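Here is a short report on one protein structure. Keep the sequence and the 3D view open as you read.

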Amino acid sequence: MLTFNVDDGYLEGIVRGFRSGLLSSSQYMNLTQCETLEDMKLQLSATDYGNFLANEPPPLTTSVYFARLTERLVADFAYLRANAVGRAGKFLEYLTYAYMIDNVILLITGTLHQRDASELLDKCHPLGWFDAMPALTVATTIQDLYSVALVETPLGPYFKNCLSSHDLDELNIEIIRNTLYKAYLEDFYRFVTTELDDVTADTMKAILEFEADRRVINITINSFGTELSKDDRYKLFPNFGKLYPEGAARLARVDDVDAVKAVLEGYPDYRHLFDTADNKTLEDRFFEREVQLNKFAFMSQFQFGVYYAILRLREQEVRNIVWIAECVAQGQRDRINNYVTIF
């Protein structure tokens, strides 16, 4: 802690500056009062986003909003990575692996279905880009895909340890995705709890345990009515989290949503997830809990958890702005306030 600022104090200051630039509740209220997307552009120009839409010709669309907001987020994250050294650089690299998994799965799926390579690459998330990604689109066989994924991507160890080339051909693509995410989360959890300082470990443990539990619950619910066996369902669960091991073991055996609710009743953090009193979905509840945990990360200083937190909070802000823009564009005034409040 005494030497943290030598290498990482500047970056933490930048991140806390990003946090102060997040939209306030009053700024969100101003956005919800807008009648057109041009009005929203004017309101956002008075925030830290400034004139980020200045070069966009009318008429504006929600897809333009999403693209420019994402570009801004990616640019800010790239700045952090460019100035990070040592363990901070490794930590930020771990944050990109989740996006890499989604990109690799997209490319594998598209390649197996003979989709156009340039179209696939355009759909990849920029935070998950790596130099060898185009090589995945030129592979013509399952073995070639596996070899490229194993050798050319940072995800190679996850493929090597939990998947074979035969799996790419036989397994459902979502099972492959969840298998890779399980390996990634377990590796990230090991990294923050064994190789980083205690403050970062305490902050990130709470966040990653929630992420693991969210995946357990979602995998359970999404497996209902599929051919996935209960044993195979359990194999997709990360081996940590508040639900692990007892709750995860029980969720592996349930057959319907009511049984999931019964299991979660024993966990105060999750028993409210299926409360429909205010018409919020399960996904909305998860986003709210995620925002709460990431806000808590800023309560501690001299730790890397704020890097993860600002990325997730900025992503939620993008979702909020795009949601409001969609409601404005479609005239859905009665749903415009159904975004997740941050500050």
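## The nonpolar core

This is a predicted model. Its largest nonpolar core has 118 residues. Within that core, the residues with the most contacts are Met 40, Phe 91, Phe 159, Tyr 184 and Phe 188. In soluble globular proteins, nonpolar side chains tend to be buried together.

Take Phe 188 and set aside its neighbours within four places in sequence. It is then in contact with Phe 91, Tyr 94, Leu 95, Met 204, Leu 208 and Tyr 308.

## Helix 17

Helix 17 runs over 282–296. It has 15 residues and reaches 22 Å from its first C-alpha to its last. That is close to the 21 Å expected at 1.5 Å a residue.

The buried residues of helix 17 are Leu 282, Arg 285, Phe 286, Phe 287, Arg 289, Glu 290, Val 291, Leu 293 and Asn 294. They pack against helix 13 (198–223) and helix 18.

Now look at Gln 316 in helix 18. Gln 316 has a relative accessible area of 2%, so it counts as buried. Leaving aside neighbours within four places in sequence, Gln 316 is in contact with Phe 287, Val 291, Val 340 and Ile 342.

## The second largest pocket

The second largest pocket has a volume of about 460 Å³. Helix 17 and helix 18 (305–330) are the elements that give two or more residues to its lining. The largest share, five residues, comes from helix 17.

By class, the lining has five nonpolar, seven polar and seven charged residues.

## The cavity

How many cavities of 30 Å³ or more does the structure hold? It holds one. The largest cavity has a volume of about 60 Å³. Its lining is made of Phe 18, Leu 73, Asp 76, Phe 77, Leu 80, Ile 310, Leu 311 and Arg 314. Helix 5 (62–83) and helix 18 are the elements that give two or more residues to this lining. Helix 5 gives the most, with four residues. By class, the cavity lining has six nonpolar, no polar and two charged residues.

One of the lining residues is Leu 73, placed in helix 5. Is Leu 73 buried or exposed? Its relative accessibility is 6%, so Leu 73 counts as buried. Beyond its neighbours within four places in sequence, Leu 73 is in contact with Leu 311, Arg 314 and Glu 315. Leu 73 and Glu 315 are 242 residues apart along the chain, but their C-alpha atoms are separated by 7.8 Å.

## Backbone details in the loops

Most residues other than glycine have a negative phi, and most peptide bonds are trans. Some places in this model depart from that pattern. A cis peptide bond joins Pro 58 and Pro 59, with omega about 0 degrees. Pro 59 is in the loop between helix 4 (37–44) and helix 5. The peptide bond from Tyr 244 to Pro 245 is also cis, with omega near 5 degrees. Pro 245 sits in the loop between helix 14 (230–235) and helix 15 (246–251).

Asn 279 has a positive phi, near 60 degrees. It is in the loop between helix 16 (257–264) and helix 17. Asn 279 counts as exposed because its relative accessibility is 72%. Phe 302 also has a positive phi, near 60 degrees. Its place is the loop between helix 17 and helix 18. With a relative accessible area of 26%, Phe 302 is partly exposed.

Definitions and conventions. Residues are numbered from 1 along each chain as its sequence is written. This is a predicted model: local features need pLDDT of at least 70, side-chain atom pairs count only at pLDDT 80 or more; totals for chains, interfaces and linings use all residues. Side-chain values use heavy atoms; hydrogens and water are left out. On a 1 Å grid over the protein atoms alone, a cavity is a set of points where a 1.4 Å probe fits but cannot get out, and a pocket is an open set with protein on both sides within 12 Å along at least five of seven lines; lining residues have an atom within 4 Å of a point. Grid points are joined across faces, edges and corners, and a volume is the space filled by probe spheres set on the points. Ala, Val, Leu, Ile, Met, Phe, Trp, Tyr, Cys and Pro count as nonpolar, Asp, Glu, Lys and Arg as charged, and the others, Gly among them, as polar. A nonpolar core is a set of buried Ala, Val, Leu, Ile, Met, Phe, Trp, Tyr and Cys residues joined through side-chain atoms within 4.5 Å. Buried means under 20% relative accessible area, exposed over 50%, partly exposed in between (1.4 Å probe, protein chains only). Contact means heavy atoms within 4.5 Å. The expected span of a helix is 1.5 Å times one less than its number of residues.
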